[in-house]
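User: I would like to go through this structure term by term, with each label set against its cut-off.

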Amino acid sequence: MEINQDQYQVRYEPDTATVTCSGSFRLTGDGYAAITEILNAAADAKPPTLILDLTKLQFLNSSGINTLCRFAIHLRKHDTTQVTVKGSTAFPWQRKSLVNLQRLLPGLRLEFD
Amino acid sequence: MADIFGDFVEKDKKDKEFLEIGFSPTSIPLQQRWRNNGLSADFLSDYLSSFFPGDDSASAERREEIKSAVSYIANELLENAMKFNYAPSEYPISVGMHLDQDKVRFYVTNSIDPDAVAAFQNLIKRLLAEDANELYMQTLIKNEEDKNSGSRLGYLTMINDYGARLGWKFEPYHDDPKVMKLTTLVQLPI
């Protein structure tokens, strides 16, 4: 599954249970439906480990933060999955805002390159 | 008579460094304007970063940090202004960025639907009275249950993630007192 737009891209690789988000997510609330679908598909496959790679995600608006937080809440139902979120210190917003995902899903691993 | 909420200070005639951008809210459809929000926010952040020179890594890191925060906050404020602007009024939307020694002040002005004022002011009162951290978590849980609502996270992320102080001023337009002019002030420490 993947989304390829000029401003942003999302790719889900079931073999490695990895969702990679890149570019700038500045969508309206409704605009995140397709991204949510991919995130939930990755979660509902119930892999033992799931990686959300955000190292190339330059920008995320508050509707996007809401989308990722809802994904974390969704993952609470799958307690057999170890979730790792990969971030980058190159984009300072990530250090400020991604920690909220951990508050919603305490077992979530947050790794910064 | 103006109603003030939170931490509000007026623009000062003595402000030396500032940039203001105005928009005609009805000139293009919302979807296209959404892209403009990003362009304007990035322009403001690029512009401001030139005030923080220096080649060493600490200066570069601080510059990137400020740039990222300005881009996020300006984008959120513009998204709000575009979304909640009272279209029939045709008053312009404006965003101003004023640079102080220790903070950046963002002033965003738009008209709002007179019927939406009371609900919005109640939301502001909650935001000011309750613990922002707690409210952030409550809002996320509520958003999960009520999937069709907006995120309602814009102001909360500014307070929680960026340590910003917020204020609001509601006042009627002189030439059309039925319509309310809203000025939102966000003060970002730098």
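This is a predicted model: local features need pLDDT of at least 70, side-chain atom pairs count only at pLDDT 80 or more; totals for chains, interfaces and linings use all residues.

Analyst: Residues are numbered from 1 along each chain as its sequence is written, and chains are lettered from A and ligands numbered from 1 in the order in which they are written.

User: Why is T36(A) called partly exposed?

Analyst: A residue is buried if 20 or more other C-beta atoms, placed from the backbone, lie within 10 Å of its own, exposed if 12 or fewer do, and partly exposed in between. T36(A) has 16 C-beta neighbours inside 10 Å, and therefore counts as partly exposed. T36(A) belongs to helix α1 of chain A, residues 33–44, where helices are DSSP runs of H or I with at least four residues, strands are runs of E with at least two, and both are numbered from the N terminus.

User: Which residues does T36(A) touch, leaving aside those up to four places away in sequence?

Analyst: They are T67(A) and R70(A), a contact being two C-beta atoms, placed from the backbone, that lie within 7 Å. T36(A) and T67(A) are 31 residues apart along the chain, and their C-alpha atoms are separated by 6.7 Å.

User: What makes chain B as compact as a globular protein of its length?

Analyst: Chain B has five helices and six strands, in the order β-β-α-α-β-β-α-α-α-β-β. The globule rule is 2.2 Å times the number of residues to the power 0.38, and the radius of gyration is taken over C-alpha atoms. For 190 residues the rule gives 16 Å, and the radius of chain B is 17 Å, close to that value, so chain B is as compact as a globular protein of that length. Of its 190 residues, 29% count as buried.

User: How do you know that the buried residues of α1(B) are on the same side of the helix?

Analyst: The buried residues of α1(B) are R33(B), N37(B), A41(B), L44(B), S45(B) and L48(B). They cover an arc of only 120° around the axis, which puts them on the same side of α1(B); the arc is that of the directions from the helix axis to the C-beta atoms. They pack against β2 (17–23), α2, β3 (93–99) and β4 (103–112) of chain B, whereas the face turned away carries the exposed Q31(B), Q32(B), L39(B) and D46(B).

User: How many residues of chain B are in contact with chain A, and of which classes are they?

Analyst: There are 21 residues of chain B in contact with 20 residues of chain A, and α2(B) gives the most to this side of chain B, with eight residues. By class, that side has six nonpolar, nine polar and six charged residues, where Ala, Val, Leu, Ile, Met, Phe, Trp, Tyr, Cys and Pro count as nonpolar, Asp, Glu, Lys and Arg as charged, and the others, Gly among them, as polar.
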